[in-house]
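Take a look at the model below.

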Amino acid sequence: MTMRAWSFLSASLFAGLIFFALAASSQVPFSQWGDLLAPPAELSLDKIILVYSLFPRAAVALVAGAALGLSGALLQQLLRNPLADPSTLGISAGAQLAIVAATLYVPEIVDGHRTLVALAGAAGAAAIVFALGWRRAFEPVTMVVSGLLVGVTAAALSAAMTLARGEYLMSLVTWNGGSLSQQDWSVFQGLGLAFVLLGVLSSLLIRPLLVLGLGDTSARSLGVNLGGLRLAIAAIATALAGFVAAAVGLVSFVGLAAPAFVRACGARRPGAIVALSPLAGALFLWLCDGIVQTLARASSENFPTGAVTALIGGPLLLWLLPRVRSMEVPHDARESVHRGNLKTAVAAFLLLVPVLVAVAFVVGPTGHGWKILSWTETLDLAPLRWPRLLASAAAGGLLAVTGAILQRMTGNAMASPEVVGVSGGAGLGFAAVLTFAPDGGTVVVFTGAGLGALIAMLAVLLFASRRHLPPEKLLLAGVAVGSFSSAVLSALLAIGDQRSWQILSWLGGSASTATPTTAIFLGALSLLVLAASLLLSRWLTILPFGPSIALSLGLSVRLSRITLLLLSGAATGAASLLVGPLSFVGLVAPHIVLRAGLVTAPQHLAGSFLLGSILMALADFGARTATFPYELPLGLFAALVGAPYLIWLLGRQR
């Protein structure tokens, strides 16, 4: 570690002490601290709050940050992957899903067994991700994409359950943001004991972990049991994340930022990284919590600490990104595409369109079964159904064609509006419009979301532009921008005003608000975006081969990327206003189209647009009929279908 690193850690410790001193002294002046160790019956209310709320809160922040830092360091060393942490691998989302489901449907299990529920959810998510990664030798990009897919599926299920049970809504929203508020020392004692025990076990695995870094062949020749070692390290890292989730909720980004900072400051040996990451994580979370408490005293609003960690951690990781040494990743993580029968694929897509329209208009649930509507009933319901059908199809087409553009432009098969943070940027633009121009109307909201999506994509490409956009850099920057966007939305949700409900409605997505005007506008925009992308298909054919080949063929890389970014930002912003940030149509549709044999740029773009429209229209039909008479959020329903498909697709690849 360099002197600068130690100086930064010392400055963080000093800043954390200052924030804590300000919070504690505002509760009880330092001059009255002499009798804080007296029995509770002899203390005033302010002193009880100080001793049993503020002090344990600081202690929990330190031990939770240390646990997450250690968990992230172990996962990164185990997988030789700088992107690995409980958030990116879906472990925290698995714990969230388990606790949300238990709280809503079997609350008696949560009382007294909260930790076991969280550990079970975290273990289940980790098992799925590691099983998917095992078939491809834990290749870094595959692991992160698998984790993101598992995490999105779990988050979509959690959000759907939360929205369905309004009486638990705000309490679960606050918990999901990561709240460090304490009422006694019990949480610290339990979490501290777990961290000490798991930390001791981790120290015993440092030497085998060092041998593991030499490669599987060398490790086996030295007598290391690779399967047992990986299982032990993964179990410790998962348990650490599960204990933190059970104790304080979801605190994201600490496990990713702490080891990245330690490594960027010069630590290279596994022992040093594993030893110093808990220290960096503890100071990071404590500092964030101090900022939260300072903001709460100044504005009377209590923000979740977990949201603030991403607010600070996102820009911090983007700043560190050029300094983090990349780990070796295959240049192309995609499987070879089987060239199917082109005519058959096109015919199948086109055949689905009239079938889908017929089903959407003439079939519906009655509460006691399904019914084929009469001609009169169809005409009566048509004014209500055609705007939402058109709007859903247009949004799906926009997201799918954007996904195809991003995949070809970056040469990364896992790029999509959701993965690289573009949808999160659209959410930031949406929130900004609600904050600064609440009466701006549809045009202002659309403009804000489009600009937010464009700025997010520019930020990702700016910090991942070195070495020709390697996949791990692009995804790491996308995770940072996406986490930052989610943090802002989580903080606004925790306020609980009218803006919170508008953001919550947008997060779920719904086509029920589509009007004939907005549907026609979105449909026309989708056709314009498709036409523009087809005109630029030559660029998208050349760009995946790299800047040198593009320049040799007379293509301006900078101009082409800026133009494609403007197109992608506008399309994603418009679509996200309807479906929200969780759909994964932009990742699913281009993959299915490639597997169908539509591999040239024009075929890929047109096929992705058509299939994306079909998938989102089907999602709208399912969202309004699956739980009739209640309607599921459109984006969440699409994610529940799309993400499991990609998980299955990854599981089939060897």
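**Confidence, packing and a serine**

The protein chain has a mean pLDDT of 78, and 81% of its residues reach 70 or more. This is a predicted model. Over residues 324-340 the pLDDT is below 50. Beyond near neighbours in sequence, that stretch still has 36 contacts in the model.

Now go to the helix pair. Helix H20 spans residues 516-535, and helix H23 spans residues 557-579. Their axes come within 11 Å and cross at roughly 155 degrees. Angles over 145 degrees count as roughly antiparallel, so H20 is roughly antiparallel to H23. The crossing of H20 with H23 is left-handed.

Which residues meet there? From H20 come Leu522, Leu525, Val529, Ala532 and Ser533. From H23 come Leu567, Ala571, Ala574 and Leu578. Eight of the residues in this contact are nonpolar, one is polar and none is charged.

Last, find serine 277. This residue lies in helix H12 (residues 270-299). Is serine 277 buried or exposed? Its relative accessibility is 0%. Buried means under 20%, so serine 277 counts as buried. What is serine 277 in contact with, leaving aside its neighbours within four places in sequence? Gly69 and Ala73 are in contact with serine 277, and so are Ala258, Pro259 and Val262.

Technical notes:
Residues numbered from 1 in each chain as written. Predicted model: local features only at pLDDT ≥ 70, side-chain atom pairs only at ≥ 80, totals over all residues. Heavy atoms only, no water. pLDDT = per-residue confidence, 0-100. Contact = heavy atoms within 4.5 Å. Axes fitted to C-alpha atoms, helices over the stretch in contact; angles between N-to-C directions. Helix = DSSP H or I, 4+ residues; strand = E, 2+ residues; numbered from the N terminus. Parallel < 35°, antiparallel > 145°, perpendicular 65-115°, else oblique. Left-handed = near helix turned anticlockwise from the far one by under 90°. Nonpolar A, V, L, I, M, F, W, Y, C, P; charged D, E, K, R; others polar. Buried < 20%, exposed > 50% of the residue type's maximum accessible area, 1.4 Å probe, protein only.
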